[in-house]
Amino acid sequence: MNLNYIKTPQKFVQPDLFSSENFIYANLDAEFPLFFDTLVHWQFNENLFYLVSKDLSHLIVSGYGVHLSKKSERLIIKDNKKCIYELPFFRLKTVAIMSKGIGISSDLIEEFSKAQINLSFHDFSAKPHSLLQSLCFSQHADLKRRQILAQNSKTGISFMAAVVCGKISNQAAVLKYCVKNIKPDKNINIHKLQTAKEACAQMQQCYNQCLALSRNISDIFEARQKFMGYEGTAARIYWNAISAIISEKIEFSGRQTKPLPKDAVNTLLNYGYGILYSKIWSAAIIAGLDPYVGFLHTDQSGKPALIFDLIEEFRAPIVDRAVIAFIMLNRNIQITQNLLDIKTREKFSEKIIEQLTSAQYYEGQKVMVSDIILSQARKLVAFIEERQKEYSTFSFKW
């Protein structure tokens, strides 16, 4: 078994969208203890791939004939009864099963429940269809009652405003991040810069209107309708700007969710959002929240409305940015029957995991993004329980 060891810089780094190089922030060069010299191991053939994050906390597995089991304090991955990889349980946080044909032992499921390791199952488009919920998690009946009551209260209006403002702010930050990497050395780049700058100005207006509304409205139903309107307007502006930025690399006519998109950009977006959904859902459950009781997104049978709320602030900095980087770095994107082929899923999954295990400044500290997601869920709990005066969203530092 070949093990590849990667030397991780002990400084705050961020990948450049338009090259394969990393750049280091000069004013953020303090010691960076989150990562060590850890192994990253890929196994890939026609039927199987698996990806382990640098800190060994996230595992993605796809392929027929693969079996996951427990041996002592380790997770064992077998391909046709041959052991191909082992992972210690104490490092693991999430395991994502990305295809059919994968077996899991009951002993392993029990260990995941005890260790509170998130096990999610996804279809080929990465949309999660099942999530293992451990009975070891404490059930918060009082919190759930408070969450339901908060839906139609001033608390609900405040949270909806925060979600929309946070989403718009992070979308604008991603545009600014793109602008930072565009050199105005030709006419098409000048057009991109102008489009992105105008988009940011227009999105700022949506942000200001949303913020003003939150201070002057008490009707929850009217507020929800208007907040969704501002969010939709900002989204159209944002995606038009993204389309202009990536126009030299790929054709993209805008965001599409239904019917199943056929273009590469929307397919990549849906795949990335699918992985992110399971992380958000797991965080909500760990925090004790009811995934089906939302605020901005209304209750629908079988629809996790709160997950749709909580994911909004993370879409742009985690998934959208990864998609843009994937495209700008000229990655080969292959679509088969409206789905990413296995090689594209392999490479793009790596990008998403890189984003989830990267660090961002959060409340004055450098924190891994996957941990920020859980912190945000717990922050919502504190807001619902009135232990915190307001809910503030995660802000992407571009």
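Arg321 lies over the face of Tyr177, 5.3 Å from the ring centre. This is a predicted model, where local features need pLDDT of at least 70, side-chain atom pairs count only at pLDDT 80 or more, and totals for chains, interfaces and linings use all residues. Residues are numbered from 1 along each chain as its sequence is written, and side-chain values use heavy atoms, with hydrogens and water left out.

**Charges over rings**
- Tyr273 has the charged end of Arg315 over its ring, 4.6 Å from the centre.
- A charge sits over a ring if NZ of Lys or CZ of Arg is within 6 Å of the ring centre and within 35 degrees of the ring normal.

**Aromatic pairs**
- The count is 11 aromatic pairs (rings of Phe, Tyr and Trp, its six-membered ring, with centres within 6.5 Å; planes under 30 degrees apart are stacked, over 60 edge-to-face, the rest tilted).
- Trp239 and Phe252 pair edge-to-face, at 5.9 Å centre to centre and 75° between the planes.
- Trp239 is in helix 5 (residues 220-245), and Phe252 is 13 residues away in the loop between helix 5 and helix 6 (264-287). Helices are DSSP runs of H or I, at least four residues, numbered from the N terminus.
- Phe314 and Phe394 are stacked, at 5.5 Å centre to centre and 15° between the planes.
- Phe314 lies in helix 7 (residues 305-328) and Phe394 in the segment after helix 9 (369-384), so this pair ties together parts 80 residues apart in sequence.
- Phe159, Phe295 and Tyr391 form one aromatic cluster.

**Burial**
- Trp239 is buried at 10% relative accessible area (buried is under 20%, exposed over 50%, partly exposed in between; 1.4 Å probe, protein chains only).
- Phe314 is buried at 2%, and Phe394 at 3%.

Technical notes:
Helix = DSSP H or I, 4+ residues; strand = E, 2+ residues; numbered from the N terminus.
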